[in-house]
Amino acid sequence: MSSADPARGDGEARPRKIIHIDMDAFYASVEQRDNPAVRGKPLAVGGSAERGVVAAASYEARKFGVRSAMPSVTARRQCPELIFVKPRFEVYKAVSRQIRDIFAEHTEIIEPLSLDEAYLDVTENLQNIPLATEIATAIRAKILAETGLTASAGISYNKFLAKLASDHRKPNGQFVITPRMGPAFVEDLPVGRFHGIGPATTARFNGLGIFTGLDIRNQTLEFMNANFGKSGAYYYWISRGVDDRPVRANRIRKSIGAENTFSNDLTAFEALAVELQPLIDKVWQHCESSGSRGRTVTLKVKFFDFEIITRSRSVSTPVSSRAHLERLAIDLLRHEMPLPKPVRLLGISLSALRDPDRAQPQLDLPI
């Protein structure tokens, strides 16, 4: 997508060249790289205990239907030979920094989405390589040479299509969606494949008789806004291969959170309050290391039947200390007591973050 969009009557402009790099089964691949005994075998990163959850699965495990966020018990049932390893996040972060340094050899416009994926705007690039496909090939080759890991790449003229393209030839491949291909590429795409559209929104689309990108394209902008609110215009335009969003360098978190699944369901206030303490520690540690402060505290409660509730409280001035954060978190928990059913997970987050050296609010980054 260009900075001025002819489809909207904005005039001609030079198309952007955007690459989406996505590491292949990142956590699991790091573990297989570092431990030859588990290479080529179905592997899951996460807890193997009854209440554990899969954080990442190798491609060997995915053949059995094992996937991230799946309960470990289910994963083991689907793949009895599954090998569980505990996550090593410091190692993953170190490898991610290596990969980020490789990106930086080509462009300063890098938008990380997580440890294992990022958008790069290479319209103007530091090595003056004319073709984005050549840049993507060079980046993937250097990642493999320096880390021993494979990456997939999607190349297109906007972020939406670049991310779609990176999924198209996984693992260890790359794919280009040109401006000529873009609108047609989206036509047959099921709405559930649109980045940002989850199961609930997919069900809403399907309930309206909308199943593909072409079905969305056949709707009016007014219809989309009426049925999908502020997201309606975004869906309307991406169904046409149009996405104005720039690659935003140095995105900064607007929230930070931590959560934990318990080995046994809990009901007592005292036990739940104890479980909140290490989560509060993690959140406040981030605040101290980054210098950022937030004004909204959110408590997340997942019950034994997987129902989730969240409760939030905002204060007029940023939370100033760990004790202040703890007080707000405990008050949110106390206000919900007695809870209607046993709890399997608690989470705490701090949002509306501000860097004390900045006057403006910071931008979102998924955590």
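Guide: Strands of a sheet pair through backbone hydrogen bonds, either parallel or antiparallel. This model is predicted. In it, H20 stands opposite Y119 of strand 6, and I21 stands opposite A118 in that strand.

Visitor: How many bridges join strand 1 to strand 6, and do the two run parallel or antiparallel?

Guide: Five bridges join strand 1 to strand 6, and the two run antiparallel. Strand 1 covers residues 18–23, and strand 6 covers 117–121. Strand 6 is also joined to strand 5, by four bridges and again in antiparallel fashion. Within that pairing, I110 has L120 as its bridge partner. Strand 5 and strand 6 form a hairpin, with two residues between them.

Visitor: In what order do the strands of this open sheet lie?

Guide: The open sheet has five strands, in the order 5-6-1-7-8, and its pairing is mixed. Strand 5 and strand 8 (174–177) stand at the edges with a single partner strand each, so one side of each lacks a neighbour in the sheet. From one strand to the next, the twist averages 15°.

Visitor: Which helices accompany this sheet, and at what angles to strand 7 do they run?

Guide: Helix 6 (residues 159–168) packs on the sheet and touches strand 1, strand 5, strand 6, strand 7 and strand 8. The direction of helix 6 makes about 140° with that of strand 7. Helix 5 (residues 132–147) lies across strand 1, strand 6, strand 7 (151–156) and strand 8, and runs at about 170° to strand 7.

Visitor: How should I read the side chains along a strand, and which residues of strand 6 point one way and which the other?

Guide: In a regular strand the side chains alternate between the two faces of the sheet. In strand 6, E117, Y119 and D121 point one way, while A118 and L120 point the other way. Both groups are buried. Strand 6 is therefore mostly covered, with five of its five residues buried, as buried means under 20% relative accessible area.

Visitor: How many cavities of 30 Å³ or more are counted, and what is the volume of the largest cavity?

Guide: A cavity is a space where a probe fits but cannot get out. The count here comes to one cavity of 30 Å³ or more, and the largest cavity has a volume of about 60 Å³.

Visitor: Which elements supply at least two residues of its lining?

Guide: Strand 1, helix 4 (89–104), strand 5 (110–114) and strand 6 each supply at least two residues of the lining of the largest cavity. Helix 4 gives the most, with four residues. Among the lining residues are I21, A118 and E117.

How values were computed. Residues are numbered from 1 along each chain as its sequence is written. This is a predicted model: local features need pLDDT of at least 70, side-chain atom pairs count only at pLDDT 80 or more; totals for chains, interfaces and linings use all residues. Side-chain values use heavy atoms; hydrogens and water are left out. On a 1 Å grid over the protein atoms alone, a cavity is a set of points where a 1.4 Å probe fits but cannot get out, and a pocket is an open set with protein on both sides within 12 Å along at least five of seven lines; lining residues have an atom within 4 Å of a point. Grid points are joined across faces, edges and corners, and a volume is the space filled by probe spheres set on the points. Buried means under 20% relative accessible area, exposed over 50%, partly exposed in between (1.4 Å probe, protein chains only). Two strands pair if DSSP finds at least two bridges between them. Axes are lines fitted to C-alpha atoms, for helices over the stretch in contact, and angles run from 0 to 180 degrees between N-to-C directions. Contact means heavy atoms within 4.5 Å.
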